[in-house]
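User: I am new to this structure and would like to know what the terms used for it rest on. Could you take me through a few of them?

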Amino acid sequence: MPALSPELREKIKAYIPKYPRKQAVTLPALHLVHDELRTVSNEAIVEIAEILELHPSEVHDTMTFYAFFKGEGEKLGTTRLWVCRGLACMLRGAYELIEHCEGKLGVHCGQTTADGKITLEFAECIGACDGAPACLVNDKHAMNITPEKADALIQELKLK
Amino acid sequence: MPYEPVLLARINKPDSGRLEGYRADGGYATVERVLKEKKPADVIAQVKDSGLRGRGGAGFPCGLKWTFLPKDHPGPIYLCVNADESEPCTYNNRILMEKDPHQVLEGIMLACYAIKSQKAFFYVRYEYGDAFRSLESAVNEMYAAGLLGKNILGSGFDLDIVLHRGAGAYICGEETGLIESLEGKRAWPRIKPPFPAIEGAFRKPTIVNNVETLACVTQIMTRGIDWFKSLGVPPDPKNPRDAGSYGPKLYTIAGHVEKPCCVELPMGVTVRDLVEKHGGGVWKGRKAKSVNPGGLSMGYVRCDAKLKDSDLTEYDIPLDFNGPGKVGCLGLGTAAVTVIDDQTSMIDVLHNTCQFFAHESCGQCTPCREGTGWMLKITDRLRRGLGRKEDLDILIDVGDRIGIMPGTTICGLADGAGWPVKTAIRKFRDEFEAAIKSGAKSKYAKSLAVAAH
Ligand SMILES: Cc1cc2nc3c(=O)[nH]c(=O)nc-3n(C[C@H](O)[C@H](O)[C@H](O)COP(=O)(O)O)c2cc1C
Ligand code: SF4
Ligand code: FES
């Protein structure tokens, strides 16, 4: 069984005409796969490389440059919760918030809760400093996050 | 008279992101007129004569950059829109994209017409999901209305805009790092020359511009040169190389203020006015100890340090392209102002700063890769109360040696890593020395979450 479904392959192929070279579809392809499968396995890398006429090592090289992607043997939870540790957030309680979330979820940054619901991460400035301390829920900003608001957010995410 | 915003004029309107609303406010009338009445060279001339300087951090004159493209090139020529906006504490591009995407998109149309490009790649940092979706629906509206695609408005001009998402790396904001990332490779900045205008994306002539720069292009083509030059600061007559600081600017205020916000003002507002009048003052009735005037790379201001031959202090510097440089900072940067109150340790602030650059160095140049790592290690030692007397001079030495200015690295990330270190230690040496002497620990010293990386 291939790692990528026919639908996922079609979605990747649809990006090809937008760029003068197929290699430029590497990041869009990695995002599509990562979003859906919550990881980019070695098999998926080989299949992406086939579609883009690259060597798998080229896709792997690009992927691992961006610490963003989870590779073989790692898997994202249902929701990825990033807590910003940038300066504007630090000045308004980000370090305390990171500790609070780690305690609440029982994991360190970079890890996923045992029920597979939430992957906790720290982030460098996420550009939401007008709402510091800020979090990113997958790719959406959550602003002015007090420990109480973090608890409510976590409770909501646990139900997803 | 309070200043009436232009770039932000539409952001609080309901449905400010929709084509219909933008059109109702006169949107796309400018590009329609320009396509009918003006030649590409006229657009370049108008932008050049307005004195617009890039808003992405370097302040390079925009129209002049456009003239660096090879003459009569057969094409393709590309525009890359830099929406990586990852300089810590900066968020003005986000507001433009989320709330008024069409203003930026009209600027892209005008820029592409001027530089004879039929394709723009819009590189948006991954963390800006809402901005991305707002742009996506705006671009779809444009195709449906015949504002993108082939033979736009019957003018014979073709243009496609491709939205492209990043993956959480600061270095993708450096223009050649952005290009490498767009091409599907690791975002290793390229050695220059060749500059992108000669050999850029996919090895073709390419212009890279910031989102706010392009929003300014829309307004300059709509309102004219005289309007733009009526705002801001003219060139310093004593400095023949100063191109002036004309036009409106989006300033973002963050950190220890009552009201963190993004405001639009004519270039040249002072730090003090920005914080006191627009940011609601320092929070909790405290005093400002230090300010980062333009994104972490620019370094630190010491608010109580007197300026030479004057009653004013560093808190009173104007935020134009020259202001921060007068007090030893790298420049205006992204005009993102972060306030640090008098109860905060500069050691914690500097450790946080070093943590960022060590995390984001792309690792290609040894002085940057190793230097940012050392600076983090040493500042971590300082915050654990284990600092040594010689540490401060080592930090300054590393800061002085890494970067394109001393000539040891490929890109400016390393200069940006060095500047905050040099300025913080030179300006707050008393505080750093006292901490080393007493062995005082930071209140965060035990915080594993942050120390682990
Ligand atoms: C490390 C580094 C990061 C940068 N990040 C950004 C960024 O996020 N956005 C941006 O517009 N420019 C950034 N720049 C500046 C770009 O290289 C480039 O000068 C700019 O996009 C040009 O656009 P402008 O002339 O319209 O300002 C960065 C530069 C460096 C050295
Ligand atoms: S200066 Fe630093 S970030 Fe820039 S190319 Fe060199 S190693 Fe990479
Ligand atoms: S520092 Fe956290 S969003 Fe900018």
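Predicted model: local features only at pLDDT ≥ 70, side-chain atom pairs only at ≥ 80, totals over all residues.

User: What makes B:Arg55 a polar contact of ligand 1?

Analyst: A polar contact needs a pair of N or O atoms within 3.5 Å. A backbone N or O atom of B:Arg55 is 3.2 Å from an oxygen atom of ligand 1, so the pair meets that cut-off. B:Glu175 also qualifies, because its backbone N or O atom lies 3.0 Å from a ligand 1 oxygen. For B:Gly56, a polar backbone atom is 2.7 Å from an oxygen atom of ligand 1.

User: How do you know how much of ligand 1 the protein covers?

Analyst: On its own, ligand 1 has 610 Å² of accessible area, and the protein covers 88% of that.

User: Which classes of residue make up the shell around ligand 1?

Analyst: The shell has nine polar, six charged and three nonpolar residues. Strand E4 (residues 206-210) of chain B gives the most to this shell, with three residues.

User: Why is an area in Å² quoted for domain 1 and domain 3 of chain B?

Analyst: The size of an interface is often given as the accessible area lost when the parts come together. Here domain 1 and domain 3 of chain B bury about 850 Å² between them, with 74% of it on carbon and sulfur atoms. On the domain 1 side, B:Tyr170, B:Ile171 and B:Trp188 lose the most area to domain 3, together 55% of what that side buries.

Note on methods: Residues numbered from 1 in each chain as written. Chains lettered and ligands numbered in written order. Heavy atoms only, no water. Polar contact = N/O pair within 3.5 Å; in protein donor to acceptor, adjacent residues only side chain to side chain. Areas by Shrake-Rupley, 256 points an atom, 1.4 Å probe, with all protein chains shown as cover. Helix = DSSP H or I, 4+ residues; strand = E, 2+ residues; numbered from the N terminus. Nonpolar A, V, L, I, M, F, W, Y, C, P; charged D, E, K, R; others polar. Buried area = accessible area lost by both parts, 1.4 Å probe.
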